[in-house]
Amino acid sequence: MKAFYTKMAFLVAVSSVLAIFIFGFTGAVLAQTIDVTVTTAVISSQNQATFTATETGNAKAHVSIYIDGILSGETDSNGKCVVSGLTSGSHAWEAIYGGGAIGIGKFVFFQYGILATGTDSPPINFSYAINVTASTSGIWGYDAGNSGEYKQAFIDTPGIASGTYLKCKRREIRADIHYGISFDSPPSINVSSTGYDGANPHIGGSPWCSMIEERTDGCSLKSFVYYVGYTILGSSVKKWLPDDNAQFSITWSGSKAGSNSVNNNDMDKIIETMSGNRTNGTSLALTVNGTTYHGEYSVQGGGVKLWFVGNELHAAYIASPQSWSQTSAGSGSVTDKDVGRLITESSLESPNNDTAYSVEYLLINGTSVRDQDDNDKNRDLNKIEYSGVMGWMSGNKLYASMSYHPPSAFIDSISPILTQIDDSVYFNGHGTDTDPGDYITEYKWRSHKDGVLSTSSSFATDKLSTGSHVIYFQVADSTPYTKPFTPLWSPEITSSIRVNKPPVSYISLIRGTGIDSNGYPTLILGEPMTFDGVGLDFDGYISGYEWNSNISGLLSTSKSFTISDLPIGVHKISLRVWDNEGAWSEVSREIKVRRTPVVFVGGYDWEDMPKYGEIHYRPEIEDPKATTRNSNLFIQPRTGDLYKWAYKLSEEISKLKLDTGTKKVDIVAYSAGGLIARWYIQKGYRNDVRKFISEASPHHGTDVSLLGQIFLEPWEGEKGGGRSIRPHSDFLRELNGHDGCADTRERGIDLINPNTEYYVIAQDSEYYRTFAHTHNKGLEKILGGNITFPALLRIGDGVVLGYSAYLDNVVWFRINEGDHPGYYEELGVIAKANEILHNDSFANMVQDSTSSFENPLEDTLEGRIPIFTVMQLTMKYVNWPFVSDSSIVPIYSMSAA
């Protein structure tokens, strides 16, 4: 350009000399100081050039303007000459005054195209469905009470509904079943039940069950039962319980549908909240653009991810950005005095604000020139030069120059190009200028997300936001052809880096036994617990999972897993999720692992009769034992009605299950406590007893109870324990299902609850003789009833005969240690009970009901002198005929059944 101006000055000088030589007006020409400038514009699609002539700062008229050698006009009194309708392309101009050239120059009109590229993340509409298919079966429960017309019914539907006690009228059992959400329509519910109908006692019956109400959140069911048994005195009904628990089964199938949408800012959007926690059989269906995807706890497809967190359904946008591009076109012009003239500022912008701009083409003198084609004289990317015109983009701005070359920018290094949030990134660049004497004066770095980063050639920063960044770098040179000085900026060059955003992790599900009173998810030792996690990464993908316990260490490297061997204690369970770039996040929850709660029910304490029992409640013990001090619940009935103690046991077990978050308990029961526990287990309260261990319990009565009946009835009344544990009592007859005692076991098979494991620990040592009675079975066949006589002292534990403690078809263990009082504290008894509680290998050891207690497997007291307890001696010398209460029948007399 400097050479161009030198030539122009030379031509002006030559013209002046010629004018002096020809016209002789040397002095006048030399005095002229006329200045002519030109500006160009495209107005209403018309190419226009405006010439301005001044002399010593004043407007100069009558200056002739020639364009491409043709006179196009002259300046007016304002020193202006406007020429319109010029064609596109290059034009040369010359200003003439007084016959001499006073200015020359060049300008160009051209067309251009701008290409804007970037990405778009449009919103996604989707529909979803929460599908439920679940089933359960169980037993209609019932109350063992025998007063009044109203009874209680209970149905336990684990995994589908929470059971509830309901009052119901005669011969009906009802249950109200709820699900955690309301379906779009009443769910498909198939119900079957085996009940009994008819108004009179009879054997058998027909299956009958009805659904009396159907709702979107569940149903109400009804089943019939029948009367059973009369009192001895007459025909009035005493109880109305089914002989066997009525069986039922329920199958659910329903769904709840909805629709929603997510955009690229939705990383964790709650779209549905259920009123209760979801259960087994719950699954998800996601439909996007007609395609349906399925999953259990989470599902993804079509750019959308759904997952459960507790009872909430979450959604996230995970679609990859789509390519986006748009073009714009226009007209511009530039003169030889313009340095980096701003032609236009593009309004195109990508939806994701990551727009990159480039010159698509320049159209000059009828030739369309694209970047890097054969006509492009400049080999730099994003810069086009042709016919003395150069166009380039800086951001969204199009600049053009003639003759002068803008500087070039170079990115030397950006390190690292993949980084984690809050880590430093180092930038280094430089610039060059090909015009002689020019040098780099300014630098500018910017990010399409964070704006200007620095005005230095090199810098470091740890403040970049997460995500992908387009990095722009440009430099400015010192070209001084404009006044005041305006830097000529290079085209921006780009690079890209990514600041990784750590993933997000959720513990979606912990399914164990239940939730205790402190909010801990609870797992029973040895039972399975399922864990499920969800990892989300919005700028990559999840590459790994890791589950850890602060007690057990590494548990799994899978998204979900099931485990049953966690040790007892409170575990902090941590889920760590990795993304494909090595970043991770962690979330944790606490759970409690414990053994099945142990309930110890003691026997009657006749040494402290005025007291009415005591209860020790210890739900916090996680590793309970079969002892009074180390069990979770210890009930010590002093005296009283066995029915009432069974009801009290029911209340305390309900509380214990709630506080420990468990569904079942183990019961260890000593002496009369075994009868209380059996009544609870066999009368259908909740089927919530896993194992029942009986220790020296008189399941078929004890003759020693007559002593308790004599001394305790003033406190107990007619329903007292002394009367109830007498052989052939109404209580034992209903409990066992027959009228047999230790001497008449052949009268029936003992009733047991098949949903509970029964175990018997008892003694039949000849060193602890037990007072008993015997039957004259010959006379009984002739006269009927029970005809009993005192018997010799028989083997047992001093109070309970071995044959009385034994139950048909139940696993039993002989442990001959000590006599009846304190038997539950013998080390061998405690060790065996704990072994049963902690070991499931006994479950299939069913003892033949014909096995005899008269032949013990072992006798740990061999060689010792027989011992008679105070109770035995009392029984031996009491003068029974003088008992004043006629309702007490001596064991050596005859009684009617």
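User: What goes into the values here?
Analyst: It's a predicted model, so local features need pLDDT of at least 70 and side-chain atom pairs count only at pLDDT 80 or more, while totals for chains, interfaces and linings use all residues. Residues are numbered from 1 along each chain as its sequence is written, and side-chain values use heavy atoms, leaving out hydrogens and water.

User: Why is I782 called exposed?
Analyst: Exposed means over 50% relative accessible area, buried under 20%, and partly exposed in between, with a 1.4 Å probe and protein chains only. I782 comes in at 68%, so exposed is the word.

User: Where does I782 sit?
Analyst: In helix α8, residues 777–783, which gives the nonpolar patch its largest share, three residues.

User: Which residues form that nonpolar patch?
Analyst: L779, I782, L783 and F789, with about 400 Å² of accessible area together. Patch members need over 30% relative accessible area and no salt bridge, with nonpolar side chains joined within 5 Å and like charges within 9 Å. A salt bridge puts a side-chain nitrogen of Lys or Arg within 4 Å of a carboxyl oxygen of Asp or Glu.

User: What makes β47 and β48 a pair?
Analyst: Pairing takes at least two bridges found by DSSP. These antiparallel strands have 10, so they pair under that rule.

User: Why are β41 and β45 at the edges?
Analyst: The open sheet runs β41-β42-β48-β47-β44-β45. Each of β41 and β45 has a single partner strand, so one side of each lacks a neighbour in the sheet.

Methods. Helix = DSSP H or I, 4+ residues; strand = E, 2+ residues; numbered from the N terminus. Areas by Shrake-Rupley, 256 points an atom, 1.4 Å probe, with all protein chains shown as cover.
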